[in-house]
Protein chains: 2
Amino acid sequence: MNASPPWDAYAAECPTRMVLDRIADKWTVLVLGLLSEHPWRFNALLRTIEGLSQKVLSQTLKRLERDGLVSRTAFATVPVTVEYAITPLGATLASSLGALIDWSERNIESVQAAQRAFDARQPHPGRAA
Amino acid sequence: MNASPPWDAYAAECPTRMVLDRIADKWTVLVLGLLSEHPWRFNALLRTIEGLSQKVLSQTLKRLERDGLVSRTAFATVPVTVEYAITPLGATLASSLGALIDWSERNIESVQAAQRAFDARQPHPGRAA
DNA sequence: CAGCATCCTTGTCGATACTG
DNA sequence: CAGTATCGACAAGGATGCTG
C-alpha cells in the first residue's frame, strides 16, 4: 500500500525492533533454515540442531508460530505427532536468513584470520604473562 | 578455494556457530546497516541507534573490528576523532543484514496481525480474568 | 570526543524432572 | 513423542563515574 512505510528500525520505540530482535537470532536462523526445506518434527529439529536445548527450541518455535512465520500441526496419533512447517510469510524471510548461514560457512576462515591478526596486535591483559 | 566447505552451522563444535551468533545480532545488524552507507563516528552511531548504550556499542564495534568486518581509524585531533568504516569483508555481509531490516520494516504489520490472532486463540494465564 | 571500569539488575539458558 | 515446570548458573545489558 505504501512505498515507504513509517517504520524505522533505528527508532527506539519502533515495533520493528522487536521483530528484528527475534529474527536476528542464532536459533531462529538455524530453525528456519531447516523448515525452509520441508516440515520437521520437534525432536528431529532438536537432534539436527546440535547444542540447542529442548527448552529453547520450544520457546523459539512458539515465538515463530506467534509471529506467523511457522505453523504447528498436531496429528492425533499415539503418541501424538507434531509437525512444524514454514508459512508463506516465513518463506519470504527464509532466503535472507539462509544467506547468513551461507555467509558464515563461506567466510569463517576470513573471520578467523582477522581474529588472529587482531589478537596479535592487541594482546589483552589476563592472557600470557 | 573450495566450492563446498566442510563447515556446518548445525554442528555444535563448528566455529561457524560463533560467527553466526555474532552477525545474527540486533545491534550488529543496525550498526553494519549504517556503516554500509558511509563511515561513522562513535557518538554519531550512538545517537542514531536509539536505545543502544555506549557500553554495548563499544563491545559491538570491538567485536566487529576483531572479526574483520569493521575498521577503526583514529585521527590525532584534539579531542581525538575516531571513524568506523565497513571493510570489504563486512561489505559482503551488509546486504544480507540490510535485508533483515527491510524485511522487518515491510512485514511488521503482518507479524503484528499474526501475534494478535495467536493471542486471541491462546489467552495465556496471568492476563485478563 | 571516544571510550573504559565498576556495580547491579535482569534475562537467558542448560539441566532436571514430570505430564498427556 | 512432544512438550511444560522449576531451579540455579551465568552473562548480557543499563547506569554511573572517570580518563586521555
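These questions and answers cover a predicted model, its chain interface, its salt bridges and its DNA contacts.

Q: How many residues of chain B are in contact with chain A?
A: The contact count can be read from either chain. Chain A contributes 54 residues. On the side of chain B, the number is 54 residues.

Q: What is the area buried between chain A and chain B?
A: The size of an interface is often given as the accessible area lost when the parts come together. Here, carbon and sulfur atoms give 66% of that area. The total is about 5000 Å².

Q: Which three residues supply more of the area that chain A buries against chain B than any other three?
A: Together these three supply 17% of the area that chain A buries. They are Y10(A), R66(A) and W103(A).

Q: How many residue pairs are in polar contact between chain A and chain B?
A: The count takes pairs with both residues at pLDDT 80 or more. It comes to 20 residue pairs.

Q: Which element gives the largest share of the side of chain A that touches chain B?
A: Four elements of chain A give two or more residues to this side: helix 1 (16–23), helix 2 (26–35), helix 4 (54–66) and helix 5 (88–121). The largest share is 21 residues. The element is helix 5 of chain A.

Q: How many nonpolar residues does the side of chain A that touches chain B have?
A: By class, this side has twelve polar residues and 13 charged residues. The nonpolar residues number 29.

Q: How many salt bridges does the rule find across the interface of chain A and chain B?
A: Side chains of opposite charge can pair when their charged atoms come close. A search of the whole structure finds six salt bridges over all chains. Across the interface of chain A and chain B, the number is four.

Q: Which residue meets D119(A) in a salt bridge?
A: The N to O distance is 2.4 Å. The pair is within the 4 Å cut-off for a salt bridge. The partner is R66(B).

Q: What is the relative accessible area of D21(B), the partner of K26(A)?
A: K26(A) and D21(B) meet in a salt bridge at 3.6 Å, N to O. This pair runs from helix 2 of chain A to helix 1 (residues 16–23) of chain B. K26(A) is buried, at 16%. D21(B) is partly exposed, and its relative accessible area is 39%.

Q: Where in chain B does D67(B), the partner of R22(B), lie?
A: R22(B) and D67(B) form a salt bridge, with the closest N and O atoms 3.8 Å apart. R22(B) is partly exposed at 23% relative accessibility, whereas D67(B) is buried at 5%. The two are 45 residues apart, with R22(B) in helix 1 of chain B. D67(B) lies in the loop between helix 4 (54–66) and strand 2 (70–75).

Q: Why does T28(B) count as buried?
A: T28(B) is found in helix 2 of chain B. Beyond residues up to four places away in sequence, T28(B) touches R22(B), I23(B), T60(B), L64(B) and L97(B). Buried means under 20% relative accessible area. T28(B) counts as buried because its relative accessibility is 5%.

Q: How many residues surround DNA strand D?
A: The closest are R41(A), Q54(A), S58(A), R72(A) and Y84(A). Sugar and phosphate account for 57% of the DNA strand D atoms that come within 4 Å of the protein. The surrounding residues number 17.

Q: Which residue has a polar side-chain atom 2.6 Å from a base oxygen of DNA strand D?
A: Phosphate oxygens of DNA strand D are approached too. A polar side-chain atom of R41(A) lies 2.6 Å from one, and an N or O atom in the side chain of S53(B) is 2.9 Å from one. For the base oxygen, the residue is K55(B).

Q: Which element supplies the largest share of the surface near DNA strand D?
A: Helix 3 (42–48), helix 4 and strand 3 (81–86) of chain A each supply at least two residues, as does helix 4 of chain B. By class, the surface has seven nonpolar, five polar and five charged residues. The largest share is four residues, from helix 4 of chain A.

Note on methods. Residues are numbered from 1 along each chain as its sequence is written. Chains are lettered from A and ligands numbered from 1 in the order in which they are written. This is a predicted model: local features need pLDDT of at least 70, side-chain atom pairs count only at pLDDT 80 or more; totals for chains, interfaces and linings use all residues. Side-chain values use heavy atoms; hydrogens and water are left out. Contact means heavy atoms within 4.5 Å. Buried area is the accessible area (1.4 Å probe) that two parts lose on being put together, summed over both. A salt bridge is a side-chain nitrogen of Lys or Arg within 4 Å of a carboxyl oxygen of Asp or Glu. A polar contact is a pair of N or O atoms within 3.5 Å; within protein, one must be able to donate a hydrogen and the other to accept it, and residues adjacent in sequence count only if both atoms are side-chain atoms. Ala, Val, Leu, Ile, Met, Phe, Trp, Tyr, Cys and Pro count as nonpolar, Asp, Glu, Lys and Arg as charged, and the others, Gly among them, as polar. Buried means under 20% relative accessible area, exposed over 50%, partly exposed in between (1.4 Å probe, protein chains only). A residue is near a molecule or strand if one of its heavy atoms lies within 4 Å of it.
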